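Here are my notes on the model, point by point. Please read them with the structure open.

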Amino acid sequence: MFSEGMTSPGANPLSSSAWRPQPASRGPGAEAGTYAPPRGVAWDAGSVSAGLVTRGAGCPRTMATRVKRRRVAGPAGGGNPDPVAGFLSWCRRVGLELSPKVAVSRQGTVAGYGMVAQESVQPGELLFAVPRAALLSQHTCSISGLLERERGALQSQSGWVPLLLALLHELQAPASPWSPYFALWPELGRLEHPMFWPEEQRRQLLQGTGVPEAVEKDLANIRSEYYSIVLPFMEAHPDLFSPRVRSPELYHQLVALVMAYSFQEPLEEEEDEKEPNSPLMVPAADILNHLANHNANLEYSPNCLRMVATQPIPKGHEIFNTYGQMANWQLIHMYGFVEPYPDNTDDTADIQMVTVREAALQGTKVEAERLLLYERWDFLCKLEMVGEEGAFVIGREEVLTEEELTTTLKVLCMPAEEFREFKDQDGWADDKKEEDSLTITNIPKLKASWRQLLRKSVLLTLQTYATDLKTEQDLLSNKEVYAKLSWREQQALQVRYGQKMILHQLLELTS
């Protein structure tokens, strides 16, 4: 998945529902609804069944203050009047080397703690190096031996249980080696992931975006994982887990933290057939905030993890990592923030695969046509081009699921005789014509029947939102009204608006 620069937070293995390209991210992850991918895991359409993708799963473009995940005042542990000084002292003790050109600070950052250049930094310069002994994972924690012995009993859909148990144990241990690191964590009770929003608010603000559905899958998986695996394990080891950490609420919060702050080391090319590496916490690296246009990248080596500058960073500017090529719905789902339009060049909109089927069914007039359409759809399922929970993913400049959407339009729109021949051949040779290429710029050149079906599908998709594009535009253009919106309302508005702009672009191209 991601390679040398696996550097973003958050991964979501709890919400495995369907097919969607997965973002390179920090934090562990999988598809929408299995939690999410950790920093360092690439969202790769080819990494899921036949490239099918479902709804949930930068270098600085600007220094806009709205593009980061929001950190909130107050360390998780509390009590330390100067958590940065304590953290820096800890870094020196464990051999975590920070360049004298950078500083951990709340000043000059887009939100909360971040890292700022105190002197000009050139591409290729080392910003800091984290020795592997300083990483916090199931292999480095004080109960690593127990976790390894019980590995079989701790297997879960997310794959995060061992790390989460390590965190639960270390958080309550008075002498935990990572206590100064915990002091820089955000306040767990004030995380802004939509999974912590009231259900009614989540559905009202994010209807049509795919986020509510992904969150519901996450919540169901979190509950199942906690009560079936985590709680029984803690109760079996009461000397290692005090009653105060045997809490579903705390477990829920730590899942969100791992989703947003953990990293996952990429596999080597020759290891592609192996299971993904377990998520881990990387002190210092998880302080950096995100922009699609980042200026730093995390590199992995046998002895340490190195954050290296990828662009010139002027004195006083913030250092940004990337959480991967992630659409705004993924950012808000996994991290609780978005990049304001038009800053997120990786933004996407989904057209549910079943929506295309519904649009095609609307064009049928007699029962025989309906039966033939279902036959075509079943064949597309056999080819693993579509599925009941899949989505076609459209970016601003490309169709991320080009093969799936091209094949679907071709099969649903071809004459009946041609379909029979195609089905008898169980597919065809690669006879793709240039006019059938489903790039954004080529959409106006598609066959009229393809354009018509795609247009109907876009119109049906737009009907799933509670508001129209003009309503969003009016809110965004009125700065006074926009400023009065709550944080959540602003973030949700940006998600909806970015998706609708992509869908309306498709309407123009298919008209």
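1. Which residue in β6 stands opposite E97? A129 does. β3 and strand β6 (residues 126–131) pair in the antiparallel sense, over 2 bridges. Pairing here requires that DSSP finds at least two bridges between two strands. Strands and helices are DSSP runs, numbered from the N terminus: E and at least two residues for strands, H or I and at least four residues for helices.

2. A word on the basis of these notes. The model is predicted, so local features need pLDDT of at least 70 and side-chain atom pairs count only at pLDDT 80 or more, while totals for chains, interfaces and linings use all residues. Residues are numbered from 1 along each chain as its sequence is written, and side-chain values use heavy atoms, with hydrogens and water left out.

3. The sheet. It is open and has 4 strands, in the order β3-β6-β11-β10, with antiparallel pairing. β3 (97–98) and β10 are the edge strands, each pairing on one side only. Strands of a sheet pair through backbone hydrogen bonds, either parallel or antiparallel.

4. N297. This residue lies in strand β10 (residues 296–300). N297 counts as buried because its relative accessibility is 12%. The cut-offs are under 20% relative accessible area for buried and over 50% for exposed, with partly exposed in between (1.4 Å probe, protein chains only).

5. Salt bridges. The count comes to 17, taking a side-chain nitrogen of Lys or Arg within 4 Å of a carboxyl oxygen of Asp or Glu. E192 pairs with R488 in this way, and their closest N and O atoms are 3.0 Å apart. The two residues come from distant parts of the chain, 296 residues apart: E192 sits in the loop between α4 (179–182) and α5 (199–206), R488 in helix α16 (residues 487–510). Both E192 and R488 are buried.

6. E388 and R357. These two form a salt bridge, with the closest N and O atoms 2.8 Å apart. E388 lies in the loop between α10 (367–382) and β14 (391–395) and R357 in helix α9 (residues 353–361), so the pair ties together parts that are 31 residues apart in sequence. E388 is partly exposed, at a relative accessible area of 48%. R357 is buried, at 16%.

7. K423 and E375. Their salt bridge has its closest N and O atoms 2.9 Å apart. K423 is in helix α12 (residues 416–424) and E375 in helix α10, distant parts of the chain 48 residues apart. Shared partners join E375, R420 and K423 into one salt-bridge network. K423 is partly exposed, with a relative accessible area of 31%.

8. The sides of α5. R202, L205 and L206 are buried in this helix. They lie on the same side of α5, because they cover an arc of only 80° around the axis. That arc is taken from the directions from the helix axis to the C-beta atoms. E200 and Q204 are exposed, on the face turned away from the buried side.

9. Around α5. What covers its buried residues includes α6 (211–236), α8 (328–335) and α16; contact means heavy atoms within 4.5 Å. G208 follows α5 and has a positive phi, near 90°.
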